[in-house]
Amino acid sequence: MMTAHWTEAAARAAEIAAGWQREAGPGGAVVLFDREGVREAFAGGLASIQHDLPFTPRTANRFASISKHVLAVALLREAVPLDAPLGRWLPELPAPLAEVPLVRALDMTGGLPDMMEAFWQQGVPFTATLSADEVHALACRFPALSAPPGTEMAYSNTGWRLAQRVLEKVTGKPYGETVAALSGELDLAFRLPYDGAEIVPGLATGYWRDGDNWRRGHYGFHFSASGGIAGSAADLAGWFSGLLAGRGPLAGMLERLTEPRHFADGSESVYRLGLVCSRLGRFDVVGHGGSLTGYRNHVLTAPELGVGVVVLTNREEEALWPALTVLAALLGEKLPVAAEAPTGLFASEEGPFWAELASDSISFMGGYERLVSDGEDGLRSLPAYLDIRLRRDGADRLTGPIGGVQRSLRRVPADTPLDARLVGCWRDPHFGTEIAIRPDGTALWPWPLDGAVTRLTPLPNGRAVADLMHGPWRARPCLWLDGAGRLRVAGHRARILQMDRIG
């Protein structure tokens with residue numbers, strides 16, 4: 001009989017919390033739960049460095065993207081037809097977006113360009129204060145999708161922002177009221193603040209490390225169903241306990257949220273309706289992560305055993321691995337073996353697809369995932385968001401599916417020069433965005449004041465990767481010449497800028 005190992009899991013959770021406490025910086029909470037509710041809770045570090053306030057299991061924190069599946073629950077409860085196109089409710093959307101089925105907007109296979117990345121590529125930093133209507137106005141100007149619906153899983157918050165508008169049209173009330181009512185049915189206190197200026201009582205301050213110092217995080221876009229809910233680790237554990245038990249408004253919801261989703265070719269995606277399905281040893285695992293500037297969180301559950309763990313922090317550090325170590329102890333399973341990946345820069349033969357590998361992690365088109373061994377001489381992501389499975393094909397090539405698409409990536413020679421065809425001034429006629437690529441291997445990127453200069457990393461065949469830092473976050477869009485002689489700008493989450501040469 002399979003049983004939970006509470007003592008071992010509690011010891012690991014206490015160890016994580018004690019590390020935060022010893023450091024006397026930002027902290028977090030680790031909460032273990034089962035179908036009946038919270039079983040163990042540990043916390044350490046500070047919710048507010050400037051006020052010397054401790055982080056506790058009852059401290060309010062930003063859930064970030066763990067918020068997503070709550071909207072899916074609300075949509076299912078309202079019997080909103082998920083197969084209907086977005087344009088049924090949002091006729092103001094341009095044709096490519098209006099035709100995307102709502103369910104593909106939710107399972108990340110809709111090809112919808114991510115709002116924040118699309119703004120950033122045009123020189124608007126994520127710290128810019130933008131209202132819901134201002135962000136939505138950009139979606140109404142998108143000229144295309146990043147990929148045909150159903151062909152690829154690419155993480156994007158846009159579908160969830162649009163789905164929130166759909167729900168508000170159906171219910172006739174702000175989504176924040178729906179969130180409060182849903183959690184209230186379980187005697188929990190979720191809250192959806194609409195921007196960073198809205199006061200949330202007791203909210204932990206988010207921090208990121210700048211060298212030896214901690215700095216407060218700031219996020220300017222309005223908060224939405226894509227990642228805006230605030231609440232405590234204990235409340236989040238109570239919610240997932242209810243999800244595992246099918247309690248109250250969550251009756252039958254876990255099965256509906258995790259129902260298999262498929263790509264257009266029939267293959268299965270690990271990303272479902274705001275939850276990621278994976279496996280640890282003998283157990284199916286369901287969970288999701290969340291990241292906002294200064295906040296990193298993860299929740300993992302094992303539905304078969306009816307147990308799980310929440311890791312909620314106000315520090316810009318990975319939360320998936322700590323959560324996985326606790327869950328592994330709880331299930332009595334071994335942790336995945338760290339990968340021994342070939343390190344360096346790799347790229348496809350053409351197009352904007354590239355990856356940079358460390359021995360135990362991969363950045364695919366700017367998106368980070370931890371890599372582990374698949375037990376058969378291959379590599380796989382855990383995954384936090386993106387499902388990646390790669391095998392070595394010779395000394396300098398990696399092949400395998402990334403987000404449901406078969407990729408072949410070849411090592412980029414270290415002496416690859418910048419393709420002279422990239423040099424010049426380029427302008428997107430739709431948005432008016434301009435980028436100047438210089439002979440010295442730098443590019444002037446649109447940015448407030450006089451622009452930002454980025455050093456380019458050349459790739460073969462008319463391509464180069466830019467590198468833009470803003471606070472703790474890093475954007476690495478690929479610049480590439482398409483077959484029509486236009487300069488395209490592409491990240492994993494947004495690939496719609498198409499630029500003509502103007503000089």
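In this predicted model, helix α1 passes helix α11 in a right-handed crossing. The two helices comprise residues 6-23 and residues 320-331 respectively, and their axes come within 7 Å and cross at roughly 160°. Because angles over 145 degrees count as roughly antiparallel, α1 is roughly antiparallel to α11. On the α1 side, the contact is formed by Trp6, Glu8, Ala9, Arg12, Ala13 and Ile16, which meet Pro322, Thr325, Val326, Ala329 and Leu330 of α11. Sorted by class, this contact of α1 with α11 contains eight nonpolar residues, one polar residue and two charged residues.

A further set of helix contacts involves α2. Helix α2, residues 68-77, packs against helix α7, residues 158-171, at an angle of about 30°, and their axes are 11 Å apart. Angles under 35 degrees count as roughly parallel, and α2 and α7 are therefore roughly parallel to each other. The crossing of α2 past α7 is left-handed. In this contact, α2 supplies Lys68, His69, Leu71, Ala72, Ala74 and Leu75, while α7 supplies Trp160, Ala163, Gln164 and Leu167. The residues of the contact of α2 with α7 divide into seven nonpolar, two polar and one charged.

Helix α2 also packs with helix α8, residues 175-184, at an angle of about 90°, again with the axes 11 Å apart. This angle makes α2 roughly perpendicular to α8. Here Val70, Leu71, Val73, Ala74 and Arg77 in α2 meet Tyr175, Thr178 and Leu182 in α8. By class, six nonpolar residues, one polar residue and one charged residue take part in the contact of α2 with α8. Leu71 and Ala74 of α2 are named in the contact with α7 and also in the contact with α8.

The largest cavity holds about 150 Å³ of space. Its lining consists of 16 residues, and those nearest the centre of the largest cavity are Ser278, Leu300, Leu324, Leu382 and Pro383. The elements giving two or more residues to this lining are the strands β11 (276-280), β12 (283-292) and β13 (295-302), together with helix α11. Strand β11 gives the most to the lining of the largest cavity, with four residues. Ten nonpolar, four polar and two charged residues make up the lining of the largest cavity.

The second largest cavity has a volume of about 80 Å³. Of the 14 residues lining the second largest cavity, Met108, Gly111, Leu112, Ala154 and Ser156 lie nearest its centre. The lining of the second largest cavity has five nonpolar, seven polar and two charged residues.

By class, the lining of the second largest pocket comprises eleven nonpolar, twelve polar and four charged residues.

Technical notes. Residues numbered from 1 in each chain as written. Predicted model: local features only at pLDDT ≥ 70, side-chain atom pairs only at ≥ 80, totals over all residues. Heavy atoms only, no water. Axes fitted to C-alpha atoms, helices over the stretch in contact; angles between N-to-C directions. Parallel < 35°, antiparallel > 145°, perpendicular 65-115°, else oblique. Left-handed = near helix turned anticlockwise from the far one by under 90°. Contact = heavy atoms within 4.5 Å. Nonpolar A, V, L, I, M, F, W, Y, C, P; charged D, E, K, R; others polar. 1 Å grid on protein atoms, 1.4 Å probe; cavity = no way out; pocket = protein on both sides within 12 Å on 5 of 7 lines; lining within 4 Å. Points joined across faces, edges and corners; volume = space filled by probe spheres on them.
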